[in-house]
Amino acid sequence: MQLGLDLGAEPLPKIEPYFASAQAFSKALSAWLGAQKGAARLFAHPVETPLGTMVAICDATHLHLLEFADRKELPKELGKLGASTGTIGVGQTSITRALEMQLSAYFEGSLKQFDIALILHGTAFTADVWRALQRLPFGETTSYGALAKMLGNPTATRAVARANGANQIAILIPCHRVIGADGALTGYAGGLWRKRALLELEARDQAP
């Protein structure tokens, strides 16, 4: 379903890389995670996009987290992920490189469906919501209430909204496609300006 949405034409803010160097990223990651022990099982890497730097956490076969570097909850998310999966080091895998190529194609308008294997770190309910988000078609939007109905639980609108906000894999799990029932933009952890930009990008590339 495509809801009425007035995106406007607000210019994007000037966007600079969040980390000045690879050493700066490594230092920030250490500060976020604190002391760690053992060999790294997951690998963190900064990914530059037109909407700012993102942090990707991958292993050799899956993407575990993809968040904008300036998200306030990122250190907490990284700490929780490290506690449940093991040491997170700095580095790339084949999944990181595939992700960078696909994100680049997405922002260029040549890719509408990502093909990256994901690990969903959450409860059974939140994982169900995230999988439902992945089924939302490119260029279309829905509401929290409609998403709850899609899951067969029409009274769970608030729980669906919380699960939507807890999404840790931005863009690939397209929580930006969920808006208010009246067509208004609602909260987005990466900032409403990014949500607006993502919807504008998809609306533009969906146009005949």
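At what angle do the axes of helix H4 (residues 124–134) and helix H6 (residues 157–165) cross? The answer is roughly 75 degrees, and the two axes come within 9 Å. Axes here are lines fitted to C-alpha atoms, for helices over the stretch in contact, and angles run from 0 to 180 degrees between N-to-C directions. This is a predicted model, in which local features need pLDDT of at least 70 and side-chain atom pairs count only at pLDDT 80 or more, while totals for chains, interfaces and linings use all residues. Residues are numbered from 1 along each chain as its sequence is written, and side-chain values use heavy atoms, with hydrogens and water left out. Helices (H or I, at least four residues) and strands (E, at least two) are DSSP runs, numbered from the N terminus.

On the H4 side the contact (heavy atoms within 4.5 Å) is made by Phe 125, Thr 126, Val 129, Trp 130 and Leu 133, and on the H6 side by Ala 159, Val 160, Ala 163 and Asn 164. Sorted by class, that contact has seven nonpolar, two polar and no charged residues; Ala, Val, Leu, Ile, Met, Phe, Trp, Tyr, Cys and Pro count as nonpolar, Asp, Glu, Lys and Arg as charged, and the others, Gly among them, as polar.

Helix H1 (residues 22–33) and helix H2 (residues 74–85) make another packed pair, with axes 8 Å apart and an angle of about 70 degrees. H1 and H2 are therefore roughly perpendicular as well. Leu 29, Trp 32 and Leu 33 of H1 meet Leu 74, Pro 75, Leu 78 and Gly 79 of H2. Six of the residues in the contact of H1 with H2 are nonpolar, one is polar and none is charged.

Now for the sheet. Four strands form an open sheet in the order E3-E2-E1-E4, with mixed pairing; two strands pair if DSSP finds at least two bridges between them. Strand E3 (63–68) and E4 are the edge strands, each pairing on one side only. From one strand to the next, the twist averages 30 degrees. Strand E1 (residues 42–49) runs parallel to strand E4 (residues 88–90), and three bridges join them. Within E4, Val 90 is the bridge partner of Ala 44, and Gly 89 is that of Phe 43. H1 packs on this sheet, touching E1, E2 and E4, and its direction makes about 165 degrees with that of E4. H2 lies across E1, E2, E3 and E4 and runs at about 170 degrees to E3. E1 also pairs with strand E2 (residues 52–58), here in the antiparallel sense and over seven bridges. These two strands form a hairpin with two residues between them, and Glu 48 stands opposite Thr 53 in E2.

On a 1 Å grid over the protein atoms alone, a cavity is a set of points where a 1.4 Å probe fits but cannot get out, and a pocket is an open set with protein on both sides within 12 Å along at least five of seven lines; lining residues have an atom within 4 Å of a point. Grid points are joined across faces, edges and corners, and a volume is the space filled by probe spheres set on the points.

The count comes to one cavity of 30 Å³ or more, and the largest cavity has a volume of about 40 Å³. Its lining is made up of His 64, Ile 119, Leu 120, His 121, Trp 130, Asn 167, Gln 168, Ile 169 and Ile 173. Five of these lining residues are nonpolar, four are polar and none is charged.

The largest pocket holds about 290 Å³ of space. It has 14 lining residues, and Glu 77, Lys 80, His 121, Ala 166 and Gln 168 are the closest to its centre. H2 gives the largest share of that lining, five residues. By class, the lining of the largest pocket has three nonpolar, six polar and five charged residues. The second largest pocket has a volume of about 220 Å³. Of its 15 lining residues, Gln 113, Phe 114, Gln 134, Leu 172 and Pro 174 lie nearest its centre. The lining of the second largest pocket divides into ten nonpolar, two polar and three charged residues.

Technical notes:
Angles under 35 degrees count as roughly parallel, over 145 as roughly antiparallel, 65 to 115 as roughly perpendicular and the rest as oblique.
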